[in-house]
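Please find below some notes for a colleague who is opening this structure for the first time.

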Amino acid sequence: GLTAGEDIAFALENDCVKHAVMHERVQKVAEMVDMDALLTSSPFELSGGQKQRTSLAGVMIDDVDILLFDEPLANLDPATGKKAIEIIDDIHCTSPKTVIIIEHRLEDVLHRNVTRIIVLDDGRIIADMDAHNLVCSDLLRKTGIREPLYITALKYAGVSVNCDMQPGYIDTLKTDSAGAAVRTWYKGIRPDHHPNTNPSIIKMEHVTFSYDGLRPVLQDICFDIREGEMVSLVGKNGAGKSTLSKLLCGFEKEDQGVIRYRSEDICDKTIKERAEIIGLVMQNPNQMISKAMIYDEVALGLRLRNIPEEEIKLRVEKVLKICGLSPFIEWPISALSYGQKKRVTIASILVLDPRILILDEPTAGQDYRHYTDIMEFLVEINKLGVTIMLITHDMHLMLEYTPRAIVLAGGKLIADTAASVVLTDEKVIEEANLKETSLFNLAQRTGIEDGTAFVQGFIDYERKLKNR
């Protein structure tokens with residue numbers, strides 16, 4: 001459609017529904033997905049998450065017997081994702097519809113009760129059970145699916161997770177027998193905080209920007225990222241996260257303020273000059289891909305820089321192996337899934353060895369195994385001094401890999417602090433459309449007063465395990 005409202009109404013128009021009824025139903029379903037204020041906006045003006053919400057509304061507006069959602073939470077901010085699951089559950093509970101959800105983000109889906117969980121691996125169904133039995137088994141680990149964080153914390157504490165604990169959902173979890181073990185484990189965790197004292201590498205000073213000169217997308221943004229940091233940029237859909245990355249790369253020009261690289265104002269640097277130091281992996285892989293073959297796509301940037309073909313071959317093979325794409329090195333890109341295309345675009349930027357790497361939703365559509373492969377590779381290049389900024393809605397990723405989070409809401413910076421603080425601060429969570437981590441809920445259920453410290457303790461413990 002030419003507007004978000006027209007897109008949502010598409011199925012109703014095909015069914016010749018009367019205009020009055022159509023407008024009423026579009027308004028109702030748009031409110032469900034928080035798109036009612038953007039019904040007249042062009043789809044081209046929407047962020048990736050807003051497009052996802054529009055698509056979700058377009059599916060839910062029709063009266064069908066089966067609703068099949070293929071990764072409905074991809075690109076959605078945490079609060080909207082939570083609301084989407086609530087909406088889907090409400091539809092299931094109030095109608096005879098059959099609902100099937102395909103997702104990697106198991107814990108987010110288990111915000112509401114599901115009848116069955118079917119686990120696929122290598123083209124075969126290997127499990128068909130309820131949530132309680134599944135999280136008690138080792139199937140998630142074996143198939144590369146991330147288990148809920150509170151389950152991981154219980155296992156770290158030495159708790160034998162069993163079905164009597166009703167562990168499939170944080171709301172049903174019984175912790176009477178586990179509380180003492182969790183508290184003992186938490187007290188034994190040693191902080192793992194090593195502040196970054198390197199010099200500034202990229203800095204924004206009072207940056208303001210608007211696409212049309214009327215509605216500010218970013219307002220008075222100030223932050224300073226040090227060399228070698230790995231930082232998350234989070235916030236609700238349309239908060240200005242992707243726009244901020246465009247300003248850093250020079251695709252758009254700030255209206256006010258200064259952007260500095262190593263203390264130097266880079267306002268006069270061209271896009272090409274900025275590309276020598278800042279690499280951007282965009283949210284939608286189809287916006288980056290220009291070659292028919294995987295090898296040629298990843299090699300393109302090196303060829304434009306006149307790198308010898310022998311060196312190109314070595315660098316391309318290395319990065320494809322890290323990104324899990326070695327078996328497809330001679331494949332056409334058209335044969336890849338969306339998630340595989342995403343990995344190709346990441347590889348095409350990583351191969352250029354930038355000093356600052358910005359990744360917009362780097363793990364969207366990835367299962368936990370490939371998610372971990374990509375993130376661990378990013379950790380390795382981060383250790384070599386590459387500064388990394390991750391634009392993400394994945395709160396697991398933020399907690400697990402980035403000690404620091406910058407939070408945007410309504411185009412303004414509302415927090416710049418530790419990830420554990422962000423996901424336990426009620427005000428920040430509400431303003432930025434985030435949601436509390438289940439680790440915070442576990443702390444409350446097991447009698448630990450300082451939930452923020454418990455979340456940080458979990459992060460520190462996991463980092464030490466990975467660094468062994």
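Which residues have the most contacts inside the largest nonpolar core?

1. This is a predicted model, in which local features need pLDDT of at least 70, side-chain atom pairs count only at pLDDT 80 or more, and totals for chains, interfaces and linings use all residues. Residues are numbered from 1 along each chain as its sequence is written, and side-chain values use heavy atoms, with hydrogens and water left out.

2. Leu154 and Leu434 have the most contacts inside the largest nonpolar core, which has 77 residues. Such a core is a set of buried Ala, Val, Leu, Ile, Met, Phe, Trp, Tyr and Cys residues joined through side-chain atoms within 4.5 Å; buried means under 20% relative accessible area, exposed over 50%, and partly exposed in between, with a 1.4 Å probe and protein chains only. Apart from this core lies another, of 38 residues, Met230 and Ile381 among them.

3. Helix α9 spans residues 179–187, and Gly179, Val182 and Trp185 are buried in it. Seen down the axis of α9, these buried residues fall within an arc of 135° (taken from the directions from the helix axis to the C-beta atoms), so they line one face of the helix. The face turned away from the buried side of α9 carries the exposed residues Thr184 and Lys187. Helices here are DSSP runs (H or I, at least four residues), numbered from the N terminus.

4. Leu247, found in helix α10 (residues 241–249), is buried, with a relative accessible area of 0%. The C-alpha atoms of Leu247 and Phe209 are separated by 8.7 Å, although these residues are 38 residues apart along the chain.

Technical notes:
Helix = DSSP H or I, 4+ residues; strand = E, 2+ residues; numbered from the N terminus.
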